[in-house]
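Opening my notebook on this one.

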Amino acid sequence: MTQPPREIVNLGNIAKAFGAVRALAGVDLAVAAGECVGLVGHNGAGKSTLMNVLAGTLAPDSGSIVIDGKDLGRRYDVRVAHQHGIRCVFQELSLCPNLTVAENARIFHKSLTGFGWKRRAAGLIAAKLDEIFPGHDIQPGDTVGDLSIGRRQMVEIARAFTVTDEPLGLVILDEPTSSLDAVTAGQLLGFVRRLVAGGTSVILISHMLGEVLGACSRIVVMKDGGVVAGRPAADFTRDSLVAAMGTVVEAHDAPAAASLTAQRQGSVMVKARVKIQPDDRAFVAHRGEIIGLAGLAGHGQTKMLLQIYAAATRRDLFAEVAAPIAIIAGDRQTDGIFPLWSIGENVTIRSLPRMVRHFLIDQTAARAMAAEWHRQMRIKTPDMDHNILSLSGGNQQKALFARALGSDAEIVLMDDPMRGVDVGTKLEVYERIRQEAGAGRTFLWYTTETDELAHCDHVYVFRNGIIVDDFPRAELTEARVLRASFHEAA
Amino acid sequence: MNVVAFLGGRAWIWSFIATALVWLATVAFTGGTGGGQILTAALSFAIFTVIVGIGQMFVITTGPGNVDLSIPATMALSGAVTTKLMDTQNEMIALGVVVALGIGIGVGLGNYLLIRLLRIPPIIATLSASFLVQSTAIAYGRGLRIKPPPLLADFTTAQVAGVPVLAACGIVFTVVMGVVLARTLYGRSVLAVGQNMRAAWLAGINVERTRLFTYVLSAMLAGLAGLLLSGFSGGSSLNMGEEYLLASIAVVVIGGTSVAGGRANVPGIWGAALFLYLLVTMLNTFGASAGLRLILTGLIIIAVITLAGGGEQQKR
Amino acid sequence: MLQRFVNPRLLRSALPALSFAILLVAIFYTQPRTMSYFGLNLMLQYAVPIALATLAQMFVITVNDLDLSIGPFVGLVACIGATFLYETPLLGILMLLGCILLYAAMGALIHLRNLPSIVVTLGMSFVWLGIAVLVLPTPGGKAPEYLKALMSLQVPLVPFPIVAAIVIAVVVHVALMYSSYGVVLRGAGGNPRAVARAGWSLLKTKMIMFGLAGFFGVLSGLSLIGLTTSGDAHIADRYTLYSIAGAILGGAEFVGGRVSPVGAVLGALTLTLAGSFLIFLRVSPDWQIGAQGAILILVLALRALISRGEVR
């Protein structure tokens, strides 16, 4: 560690277990004032658990928590954390959708009471939004439930930086940019740099290694509930970071462009039009193609996928689907898994109709399918009968892939499924998708990571709910995607 | 504490243990006499709670907020219409059953349409619908006191070696419904929808059809219970379904079904229904006043759910 | 088309007032004589206890629960009011305070053990009724004079029930929608986890909301015997349904802490008026309940129609 004078946080030998699963195995972490620490690691490495401990929302089984030189140990909770200036922006949003932006600021600050509290709260949050995200269009009186997910994330981030009577010492940002587009994400990282220069500390958790490398002064790598590396950011490169996380880096994916022909061919599997499309540009997918849906987050890609998905069961004027369809959700918790069920039940649910004999589900067939996909997707579990929640996030996502790939669907929709998935899982899944497409399956793949578009045969770029550009892989460049995604250059 | 944890995970066992305890307490008080008769009576009465309870269980399992409050009204309407239709004639029983089920289909369909078209919480939809159904029953059945057909009355009250025939049929029916829940596509769909409606849709389940079937099933069982109950109690009355509103929900919860949806428990329904009946019997035997009986009934329901509900929280 | 001129959100929050106004106009049209001080007084007499019970229900709905015991509870309060409060006022007051504490304890139990409120309150409805039967086995007793005097108060120009409803609505609205702690209470319904993460006690919010429900249940029972002058354990059995229907008519949503105290009071008034309206229309008593159901469905259908506009 370098020169900074004062240590804000010193976590010593923190351990935490959930039942039999050891989430943290004696972790040490120290953060100095004016330091931006990047925290990286696979899903299930223990990052979020560690941050919950630091934020006071989770009590560790053992270990010491020293804040500003004081050992707070057992008495530590959210309230104490706030009093010592430690705040957290959680991965899943913690705003009340029924309240306004200003009222949500009030929830965060116990001291915002008395006459005129609403005005003060509104001023506080508006000023911070202006400071971090200049040009935003959020009003303090807006009801949070009416805001888009990206704007909600902006409110939540701005709220964490507002100051009343409690000090601001350290802010934990857990995947803060997952719902932000490139511009606002850039604004946030710029703000973090200014803030850190001013002496406040930040812990940044992100799967976007570029962000971490660019914004942080020091990077700590976690793996299997422990810290495996911690060095100044300048000592890392993208590849060395990935290596430290424990993944074998493949020669940065060069999808075999051999079989590629500029001419699109094969029977049409999906044909859809955007309702508000001003020109006659249509969305088309042929058999065996991998089609990318690109653009900034939340610009109509998911809507397009859901429209196509619905068109498979209900007649739709704007979309035609030629074969059975399956969808892989990006938001596992709300759109994907069934939390009360075993991994096997989660995998087989989509395929049960073909296992029905005399009105009853053939248990043997269901078991066989679960076992088959356990092997094929290399889901990390001793037993497919275990509850789905016993899996790490990446492996839950593999189970959802197995659900779709094991079904009779010839068309597979992917709604940014790699969100928050570790690099190792990603590489395995990319490979699998290429194989399946080679065997004739069609993939429609919405992704927010430009790297992933390299796997697509054809790319459609969305902006403000319409398709603004489309091109084959041969013409794919990051610049072209960005140009189409941002209005000014188009 | 281990025992508690074990039982907490299998919440329905509570209801059977509690049933046994209550029965033992009653029999101990009477000095060992009448234990058999009490059980026979408990089976005879519990079967009606079981029939509507199973319907309610399927509804509650389809997810938070789903509950069928129109069960009492449907029972009243079915009882009123079918007793008048059958008019004490044995040969009309078959038609009566068809009409009772038909009324159920109608009410269930109505409930579902209200939920779907008005996008209102099922509690309110079934409550509003029950007002209409109850009114129809009142307008139709006012002043009627027609005896049920003798064959129906005999069937619903018959016993073989102290076991009510109807209860025996009910046990078979319960087993069938257990299989439906665990092993059919419909049952799996109910469990999936109950855990997460959106995820169920995205997993290829026909969510709306599942909900429709479930509300129709519940109302059909209520219609059937109305017919059987009017046979059992020598004719229908307009308020005969009243107690089944609370009872149907209580047996589902006491029986270990998750009110948050997605997890159902079929055997628990029987345990809970027997428990509720025996509890009242016990308090009567002890000579408790009406007020005290009510208080204890309420407190015991809360105590049972408090003990059983603890296991659920541990799982989360 | 409509949505182009009217903001659906605004329209929706105006719906309770709108349905109340439409019903009032319909009544004035069919029975012009009701358009008087005494006519309104008579029609809306029972609106005060129903409005108070509806608010009680609304507090519980705010924190994503449902109270199926408010009817029997109001009945119990009426019984205590007509006996102990009349004969031994101090003991009566202590008993009523105990009732409120029990309500708060019910909220604590629901929170601590993560229990479904429907079942707990269902169980408690038996308990309240049982105690009420023990307190007053047969209908009777006497309401304290001051309650009778209060409920038959003659206010100049505007009938008392309307004045009372306005006062109640405004007080609760300001407390819940504009106070800084009211925000926390509503937030606890909107996203309990977020409120807990900001360091608030969910146990406390739950107990406060249930305690408030108990308090308003007590007010409802006392105002009720002020009108009836005597008590009965079953006097308010229907209040459970009334309070739910009133809260819904008033725009409350079942989850997410979206409620409106003013709406709830308007919903209760609408419900009370609907009863009178049906009598004026000479609807057969057989169909009275059915007609109430139909009105409920109609209002909900309107709301659904407006919401559909909101989604677009």
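This is a predicted model: local features need pLDDT of at least 70, side-chain atom pairs count only at pLDDT 80 or more; totals for chains, interfaces and linings use all residues.

**Entry: α4 and α5 of chain B**

I looked up helix α4 (residues 71–86) of chain B against helix α5 (residues 93–118) of chain B and got an angle of about 150 degrees, with the axes 9 Å apart. Angles over 145 count as roughly antiparallel, and α4(B) and α5(B) are therefore roughly antiparallel to each other. Their crossing is right-handed. On the α4(B) side I listed B:Thr74, B:Leu77, B:Ser78, B:Val81, B:Thr82, B:Leu85 and B:Met86. From α5(B) come B:Ile93, B:Leu95, B:Gly96, B:Val99, B:Ala100, B:Ile103 and B:Val107. Sorting the residues of this contact by class gave me 10 nonpolar, four polar and no charged.

**Entry: α3 and α8 of chain B**

Next I took helix α3 (residues 35–61) of chain B and helix α8 (residues 165–183) of chain B, whose axes come within 9 Å and cross at roughly 20 degrees. That makes α3(B) roughly parallel to α8(B), and the crossing is left-handed. I noted the contact residues of α3(B), among them B:Phe48, B:Met57 and B:Phe58. Those of α8(B) include B:Gly170, B:Phe173 and B:Met177. My class tally for α3(B) with α8(B) reads 13 nonpolar, two polar and no charged residues.

**Entry: α4 and α14 of chain C**

I logged a right-handed crossing for α4(C) and α14(C). In α4(C) the contact residues are C:Pro49, C:Ile50, C:Ala53, C:Thr54, C:Gln57 and C:Ile61. They meet α14(C) residues including C:Tyr239, C:Tyr242 and C:Ile244. I sorted the residues of this contact as eight nonpolar, five polar and no charged.

**Entry: chain B with chain C**

How much area do chain B and chain C bury between them? I got about 3,500 Å², with 79% of it on carbon and sulfur atoms. I found 38 residues from chain B and 40 residues from chain C in the contact. My salt-bridge search across the interface of chain B and chain C came back with zero.

**Entry: chain C with chain A**

For chain C and chain A the buried area is about 1,900 Å², and carbon and sulfur atoms give 53% of that. Which three residues supply more than any other three of the area that chain C buries against chain A? My note says C:Ser180, C:Arg197 and C:Trp200, which supply 34%. The contact draws 23 residues from chain C and 27 residues from chain A. I counted one salt bridge between chain C and chain A. C:Arg186 pairs with A:Glu103 in a salt bridge, the closest N and O atoms being 3.0 Å apart.

**Entry: salt bridges overall**

I then searched the whole structure and found 23 salt bridges over all chains. One I looked up joins the side chains of A:Lys128 and A:Glu131 at 3.2 Å, N to O. A:Lys128 and A:Glu131 are three residues apart in helix α4 (residues 117–132) of chain A, so about one helical turn separates them.

Key. Residues are numbered from 1 along each chain as its sequence is written. Chains are lettered from A and ligands numbered from 1 in the order in which they are written. Side-chain values use heavy atoms; hydrogens and water are left out. Axes are lines fitted to C-alpha atoms, for helices over the stretch in contact, and angles run from 0 to 180 degrees between N-to-C directions. Helices (H or I, at least four residues) and strands (E, at least two) are DSSP runs, numbered from the N terminus. Angles under 35 degrees count as roughly parallel, over 145 as roughly antiparallel, 65 to 115 as roughly perpendicular and the rest as oblique. A crossing is left-handed if the near helix is turned anticlockwise from the far one by less than a right angle, and right-handed if clockwise. Contact means heavy atoms within 4.5 Å. Ala, Val, Leu, Ile, Met, Phe, Trp, Tyr, Cys and Pro count as nonpolar, Asp, Glu, Lys and Arg as charged, and the others, Gly among them, as polar. Buried area is the accessible area (1.4 Å probe) that two parts lose on being put together, summed over both. A salt bridge is a side-chain nitrogen of Lys or Arg within 4 Å of a carboxyl oxygen of Asp or Glu.
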